[in-house]
Amino acid sequence: SKMTITTSLKVLVSGFGPYGNTTINPSLAVVEKLQTIPIINQGDTSIEIVSRRVSSEFNKCIQEICSFIDVFHPDAVIMLGEYPGRAMVTIERVAINYNDSTRYGMRDEAGYAPQGTAVVEDGPAAYFSTLPLRKIVTELRASGIPADISDSAGTLMCNHLLYGALHHVNTAIINKKQSVIPVGWIHLPALPETAAKEENLGMPSMTAELSAQAVLVAIRQSVSNDSLMRGADIDVPVKSRLL
């Protein structure tokens, strides 16, 4: 007998296109894979996955994600980016109100390279992710996918976009225009084709297929009902490696 769907949820997922030395961004590769899986079922719950590409431009990417949040009213938001050099899928804990792309020698697609600017003028120093970090990492490891919690999302566009999205949702919650939802960031290792380039030899990598599986695990954990509050984390230590 087929289980009756009693709950319909929506998860917004975003990814970036090419930037810097990355011609194929794993976050966009995952978004494109997820666009072929618009709905997944979990028990009596149907989860619609709305996957969108955002611009590789400071400020513009925040405007786009905020517009997607306002239009789609998602039950969770998971943004994706690449962190070359990391060997694991890393779930970010915090976004800081600080842009500095010159330290990486990087400009965005519009040629802009902020140094020491605020993401949001007069905004708080930081926002914590509201994804269930320990739960996601535990489930990823159980699924055979290397994963860890990270406490630094960098000071490029990934941290910038995470801060912007959290600021937008938090402001809407304070103004009673939005309920509390899980919002956070997942960093993916470089793709094997990037790591295979001569200048990148030795760089850790992960296939788009495995990264997409990882994001599907995170989507399910972020909206699962096995806790008092959707998105609530487990109270169990998760061993971490200092990176």
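**Sheet, helices and side-chain pairs in a predicted model**

Colleague: Which residue of positive phi follows helix α3?

Modeller: Helices are DSSP runs of H or I with at least four residues, strands are E runs of at least two, and both are numbered from the N terminus. The residue that follows α3 has a phi near 80°, and it is G144.

Colleague: What kind of model is this, and what pLDDT do side-chain atom pairs need to count?

Modeller: Residues are numbered from 1 along each chain as its sequence is written, and side-chain values use heavy atoms, without hydrogens or water. The model is predicted; local features need pLDDT of at least 70, totals for chains, interfaces and linings use all residues, and side-chain atom pairs count only at pLDDT 80 or more.

Colleague: What is the strand order of the seven-stranded open sheet?

Modeller: Strands count as paired if DSSP finds at least two bridges between them. The pairing in this sheet is mixed, and the order is β2-β3-β1-β4-β11-β5-β10.

Colleague: In β3, which residue is the bridge partner of N41?

Modeller: β2 and β3 (residues 45-54) run antiparallel and are joined by four bridges. The partner of N41 in β3 is S46.

Colleague: Are the residues on the two faces of β5 buried or exposed?

Modeller: Buried means under 20% relative accessible area, exposed over 50% and partly exposed in between, with a 1.4 Å probe and protein chains only. V89 and I91 lie on one side of β5, T90 and E92 on the other, and all are buried.

Colleague: What angle does helix α3 make with β10?

Modeller: Contact means heavy atoms within 4.5 Å. Helix α3 (residues 133-142) packs on the sheet and touches β5 and β10. Its buried residues are L133, K135, I136, V137 and L140, and their cover includes β5, β10 and α6 (208-222). The direction of α3 makes with that of β10 an angle of about 160°.

Colleague: Which residues does S14 contact beyond its neighbours within four places in sequence?

Modeller: S14 lies in strand β1 (residues 7-16) and is buried at a relative accessible area of 1%. Its contacts beyond those neighbours are V31, R52, V54, I65, I78, M79, L80 and L161.

Colleague: How many aromatic pairs does the structure hold?

Modeller: Rings of Phe, Tyr and Trp (its six-membered ring) pair if their centres lie within 6.5 Å; planes under 30 degrees apart are stacked, over 60 edge-to-face, and the rest tilted. A search of the whole structure gives a count of four.

Colleague: Why is the pair of Y127 and Y163 called tilted?

Modeller: Y127 is buried at 13% relative accessible area and Y163 at 0%. Y127 is in strand β9 (residues 126-128) and Y163 in helix α4 (residues 157-174), so the pair ties together parts 36 residues apart in sequence. The ring centres are 5.0 Å apart, and the pair is tilted because the planes stand at 55°.

Colleague: How many disulfides are there?

Modeller: A disulfide is a pair of cysteine sulfur atoms within 2.5 Å. The sulfur of C66 is 9.3 Å from its closest cysteine sulfur, in C61, and so too far for a bond. The sulfur of C158 is 9.0 Å from its closest cysteine sulfur, also in C61, again too far for a bond. The number of disulfides is zero.

Technical notes. Axes fitted to C-alpha atoms, helices over the stretch in contact; angles between N-to-C directions.
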